[in-house]
Amino acid sequence: ALVIIIVAAIAFSSNSDSFTSDPKSEIQLQLTIQTDLSSYSQKDFISINGISTNSNMVSISIQNQNNELVWAEQVSVKSNGVYSTLSIAGGPGWENSGTYTMKVDNGSEIKSIAFSFTS
């Protein structure tokens, strides 16, 4: 079977959701996560990537519509701040169709996105 992995260009946004009371503060937390698609079916590859500017490791997890953990992985962040990995949709906890939530945690911030899954 031929597997083709498409590398998506990552758009850098300048939305600042970190609150700082010190205008001289150089700390700019930035954490993003994205998937290649917004909907998946059984055995689909889920391509995950994002940016974490202040850590060298992120924890990525997927929860099903019942908030049960169905997948988790620790991923290294490259020196340029980018991380990426692959997951496969399906397995224990993936029995039902619905909205699944993917979270990324870099130790100081957590971001999440939703995608739909068809069992």
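In which sense do strand β4 and strand β7 pair, and over how many bridges? I shall come to the answer after a brief overview of the protein.

Colleagues, please note at the outset that this is a predicted model. The protein contains zero helices and eight strands. Read along the sequence, its pattern is accordingly written β-β-β-β-β-β-β-β.

Let me turn to the sheet in which our two strands lie. Five strands form an open sheet in the order β2-β8-β7-β4-β5, and the pairing within this sheet is mixed. At its edges are β2, residues 39–41, and β5, residues 69–76, each of which pairs on one side only. On average, neighbouring strands of this sheet are turned by 25° against each other, with direction ignored.

In general, the strands of a sheet pair through backbone hydrogen bonds, in either a parallel or an antiparallel manner. This brings me back to the opening question. Strand β4, which covers residues 57–63, and strand β7, which covers residues 98–105, pair in the antiparallel sense, over five bridges. As one point to locate in the structure, serine 59 has aspartate 105 in β7 as its bridge partner.

I shall conclude with the protein as a whole. There are 119 residues, and 32% of them are buried. Considering the contacts between residues at least 6 apart in sequence, 55% join residues at least 24 apart. As for the surface, the protein exposes about 7500 Å².

To restate the answer to the opening question: β4 and β7 pair in the antiparallel sense over five bridges. Thank you for your attention.

Conventions. Residues are numbered from 1 along each chain as its sequence is written. This is a predicted model: local features need pLDDT of at least 70, side-chain atom pairs count only at pLDDT 80 or more; totals for chains, interfaces and linings use all residues. Side-chain values use heavy atoms; hydrogens and water are left out. Helices (H or I, at least four residues) and strands (E, at least two) are DSSP runs, numbered from the N terminus. Buried means under 20% relative accessible area, exposed over 50%, partly exposed in between (1.4 Å probe, protein chains only). Contact means heavy atoms within 4.5 Å. Accessible areas come from the Shrake-Rupley method with a 1.4 Å probe; for residues, only the protein chains shown count as cover. Two strands pair if DSSP finds at least two bridges between them. Axes are lines fitted to C-alpha atoms, for helices over the stretch in contact, and angles run from 0 to 180 degrees between N-to-C directions.
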